[in-house]
Amino acid sequence: MVTIADVAQAAGVSISTVSYVMSGKRAISQETRDRVEKAIDSLGFSPHAGARSLASRSTNVIGLQAPLRTGVDVHVVMQIVTGVVTQARKHGYDILLLASDDSKALQRAAKGSMVDALLVMDVESDDPRIDTLSGLGHPSVLIGLPEGRRAIPCVDFDFEAAGWLAVDRLVALGHRRVALIGSPPEVMTRHTSYADRLARGFLAACEASGVVGTVHACPSTAEAVATVEGVMTENPDITGFFVHNEGALPHVATTITQRGRRDGDELAIVALCPEDVARSVSGLADSIAVPAEAIGAAATDMICEILSSGAKPAVRLLPPALTGPTAAA
């Protein structure tokens with residue numbers, strides 16, 4: 001196996017000079033650089049990744065904390081992860097996946113020189129990991145939007161604007177009493193950022209439009225049927241439904257549609273979910289796409305911009321858009 005010593009001998013220079021040529025940490029004359037690079041090419045030398053990282057103080061690895069907590073939709077999480085991984089490769093970075101949900105994993109990755117930067121998902125409105133990231137000194141980006149002052153750059157979908165858009169669509173369809181069938185109870189109890197922002201936008205839009213709106217937590221399983229039946233029984237004048245719960249959506253849509261047909265009511269459902277999920281569900285009046293892969297890609301672009309230029313971006317929110325009823329009737 002060719003070593004750095006072999007390269008140094010072939011080029012007639014010291015081992016440290018070869019290291020400086022590879023790392024770019026010290027000015028080397030063009031003549032010497034040419035000799036070293038020619039020796040590297042002729043010998044087929046490929047320095048070990050660990051040695052490169054020691055020389056350059058770079059790992060070319062970005063840490064991604066994607067905790068699989070109860071209540072989260074794994075399908076959406078993995079779409080975001082796919083967007084991160086795909087975009088990272090375009091920038092020449094690998095991804096170290098951290099599946100835990102606490103600060104200790106972030107500290108281990110950063111202090112152990114395992115990563116150059118950190119991306120953090122499933123952000124809560126008041127997330128304790130933010131203080132940890134601020135103290136680590138590593139470039140970091142949150143995939144989520146916490147409350148209050150934001151010391152860490154953030155990328156996310158504009159869930160608050162999506163709440164407004166859904167209400168506007170239901171009002172345009174003629175509905176005056178509407179309900180948000182939202183995330184599972186454990187997600188709302190944790191005050192996960194997207195759930196809080198969606199509810200805030202939904203209720204603000206209801207008030208601005210002069211319609212009555214209510215928010216209801218909903219399991220992501222077949223138990224959603226009982227939840228929706230209960231909401232409709234207690235509030236029979238609700239005719240417009242905004243659903244953001246990918247796991248529950250098929251059960252919720254079927255229940256609402258059947259109930260409306262049975263009672264002769266004109267009910268409407270607007271869903272907030274990835275486009276592939278909307279295409280698989282019948283009976284939607286409209287849908288708003290969650291661009292999960294695009295969120296991951298945008299967060300990766302931001303962290304790579306920070307790494308390459310030292311830029312200090314603040315917040316980037318991907319805007320919502322109606323995509324229409326895409327599923328077969």
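**A tour of the parallel sheet**

Begin by selecting β5 and β11 in this predicted model: the two strands run parallel and are joined by four bridges. Within this pair, Val155 stands opposite Arg316 in β11.

Stay on β5 and show its side chains, where Cys154 and Asp156 point one way while Val155 and Phe157 point the other way, and all of them are buried. In a regular strand, side chains alternate between the two faces of the sheet.

Now widen the selection to the whole sheet, an open arrangement of six strands with parallel pairing, in the order β2-β1-β3-β4-β5-β11. The edges are taken by β2 (94-98) and β11 (315-318), and because each has a single partner strand, one side of each is left without a neighbour in the sheet. On average, and with direction ignored, neighbouring strands of this sheet are turned by 20 degrees against each other.

Move along to β1 (residues 61-65), which pairs with β2 in the parallel sense over five bridges, and pick out Gln65, whose bridge partner in β2 is Leu98.

Finally, bring in the helices. Select helix α6 (residues 103-111), which lies across β1, β2 and β3 (117-120) and runs at about 160 degrees to β3. Then select helix α14 (residues 292-309), which packs on the sheet and touches β1, β3, β4 (140-143), β5 (154-157) and β11, its direction making about 165 degrees with that of β4.

Technical notes. Residues are numbered from 1 along each chain as its sequence is written. This is a predicted model: local features need pLDDT of at least 70, side-chain atom pairs count only at pLDDT 80 or more; totals for chains, interfaces and linings use all residues. Side-chain values use heavy atoms; hydrogens and water are left out. Two strands pair if DSSP finds at least two bridges between them. Axes are lines fitted to C-alpha atoms, for helices over the stretch in contact, and angles run from 0 to 180 degrees between N-to-C directions. Contact means heavy atoms within 4.5 Å. Buried means under 20% relative accessible area, exposed over 50%, partly exposed in between (1.4 Å probe, protein chains only).
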